Amino acid sequence: MAQMFKTGEFADLFSAERGGTDAADCSSDSKYDAAPALLSKEESKIYYTHIHLPSMVRLEACTLCQLRCAGCGVQKGGNDGLGRGYLTIENFTRFCDMNPFVRRIELSNYGEIFLNPDLVKIMHHAKKKGILLSAHNGSNFNTVSDEQMLALVETGFRSISLSIDGASQQTYSKYRIGGDFDRVIENIRKLLALKKEAGSEYPELSWQFILMEHNELDIGKAKELAAELGIPIRFKYNWDPSYKPIHREYIMRETGLGELTVAESRANHKFDPYEFFCYQIFFTPQINWDGRLLGCSRNRYATFDVNVFEVGLAKALRSPGYIAAKECLLRCIRTKRSTETASASAARSV
Ligand code: SF4
């Protein structure tokens with residue numbers, strides 16, 4: 001049976017083995033071959049992420065937003081740790097040049113990516129470099145210029161998850177305050193028409209509908225509209241613990257969901273629904289729009305004292321604080337502690 005690490009061993013082993021070798025050169029270095037024998041399968045994966053650089057990262061395109069969604073930290077000052085701003089084309093170009101091993105970038109997190117004035121240039125530069133972009137975390141899709149629409153299709157932008165929690169203006173705007181349901185649907189139709197005209201399957205669109213008490217009865221109508229548009233719809237339970245489903249049987253029947261709250265999910269599954277975020281620090285690290293390394297996409301509180309735009313990703317991911325944070329996080333995951341903001345607590349503790 002594989003040995004498990006004791007506290008500190010993980011970092012010790014890594015620092016003894018890494019010997020200052022440049023990360024890009026490490027993939028074929030046989031001196032690391034001894035590592036898996038010491039590790040469990042999961043830890044072995046984590047060990048190798050110290051050596052193999054991620055081919056996918058999460059790089060926030062914009063922390064500005066035009067809506068005032070009821071539960072969003074953007075409006076309540078909860079995201080102040082991220083600052084308000086956007087990824088510039090200069091920083092994006094520099095990032096691509098410094099980190100040629102990155103092949104996929106997720107641009108959305110906190111904020112609305114289409115408010116980034118450099119987005120068209122970013123899309124074209126990514127295409128030139130052969131990097132795939134996505135906005136899978138979500139876009140409210142209220143404000144999308146014709147130029148942006150065209151660039152989405154021309155550059156083969158991979159996928160966009162559309163955040164639409166309702167099937168009418170009345171329902172939608174209860175949570176998405178300031179949002180215009182009809183405009184969102186019109187924008188979707190415009191993009192679908194451009195895709196058709198170009199004969200392109202990209203960007204793939206999907207509709208994300210978060211369940212709330214006030215929108216439960218819009219589920220059927222939303223399904224019909226999604227079918228008419230020809231895009232998949234995904235119903236998601238609400239992470240707000242105060243959500244109490246009213247029409248439980250109807251929702252389960254219409255959405256196919258097996259659980260409707262976080263508490264139910266925790267009870268039904270071995271893994272905490274928040275836990276997958278914790279793996280981002282190892283496999284798909286989150287970087288803020290200004291280059292500060294965040295670790296995971298839930299972290300909006302504390303950053304590691306390193307800027308990816310200045311030192312490059314290889315050096316940033318190997319900074320002592322980040323390695324110590326991975327170690328700390330590994331302990332959190334092991335002890336199955338709820339780790340909603342594990343990257344933040346890991347960042348603070350180093
Ligand atoms: S659209 Fe997204 S970022 Fe904007 S206020 Fe709503 S939840 Fe926040």
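Q: What makes a set of residues a nonpolar core?
A: The set must consist of buried Ala, Val, Leu, Ile, Met, Phe, Trp, Tyr and Cys residues joined through C-beta atoms within 7 Å. In this predicted model, the largest nonpolar core has 64 residues, and Ala-61 and Leu-87 touch the most other members. Helix H17 (residues 320–334) gives the most to this core, with five residues.

Q: With which residues is Leu-87 in contact, leaving aside its neighbours within four places in sequence?
A: Leu-59, Glu-60, Ala-61, Cys-62, Phe-92, Asn-116, Asp-118, Ile-122 and Trp-289. Contact requires C-beta atoms within 7 Å, whatever the residue type, so Glu-60, Asn-116 and Asp-118 can be in this list.

Q: Which residues does the second core include, and why is it called separate?
A: Cys-65, Leu-67, Val-74 and Tyr-110 are among its five residues.

Q: How do the residues of the shell around the ligand divide?
A: They come to six nonpolar, three polar and two charged. The shell holds Cys-65, Leu-67, Arg-68, Cys-69, Cys-72, Val-74, Gln-75, Tyr-110, Gly-111, Glu-112 and Asn-140. Arg and Glu count as charged, so Arg-68 and Glu-112 supply that class.

Q: What makes Met-56 and Arg-104 part of a strand pairing?
A: Met-56 stands opposite Arg-104 in E2. Strand E1 (residues 56–59) and strand E2 (residues 104–106) are joined in the parallel sense over three bridges. At least two bridges are needed, so E1 and E2 count as paired. E3 and E4 likewise pair in the parallel sense over three bridges, with Ser-134 opposite Ser-159 in E4.

Q: What order do the eight strands take, and why is one side of E6 and of E8 left without a neighbour?
A: The order is E6-E5-E4-E3-E2-E1-E7-E8, in an open sheet with mixed pairing. Strand E6 (233–236) and strand E8 (293–295) each have a single partner strand and stand at the edges, so one side of each has no neighbour in the sheet.

Q: What makes strand E4 mostly covered?
A: Four of the five residues of E4 (residues 159–163) are buried. Each of those four therefore has 20 or more other C-beta atoms within 10 Å of its own.

Q: How do you know that the buried residues of H6 line one face of the helix?
A: In helix H6 (residues 119–129) the buried residues are Leu-119, Ile-122, Met-123 and Ala-126. Down the axis of H6 they fall within an arc of 100°, so they line one face. Their cover includes helix H5 (89–98), strand E3 (132–139) and helix H7 (146–154). Just after H6, Gly-130 has a positive phi of about 75°.

Q: Why are the buried residues of H10 said to line one face?
A: Ile-219, Ala-222 and Ala-226 are buried in helix H10 (residues 219–229). Their arc is 60° down the helix axis, so they too line one face. They pack against strand E5 (204–210), E6 and helix H11 (248–255). The face turned away carries the exposed residues Gly-220, Glu-224, Ala-227 and Glu-228.

Conventions. Residues are numbered from 1 along each chain as its sequence is written. This is a predicted model: local features need pLDDT of at least 70, side-chain atom pairs count only at pLDDT 80 or more; totals for chains, interfaces and linings use all residues. A residue is near a molecule or strand if its C-beta atom, placed from the backbone, lies within 6 Å of it. A residue is buried if 20 or more other C-beta atoms lie within 10 Å of its own, exposed if 12 or fewer, and partly exposed in between; C-beta atoms are placed from the backbone. Two residues are in contact if their C-beta atoms, placed from the backbone, lie within 7 Å. The arc is that of the directions from the helix axis to the C-beta atoms.
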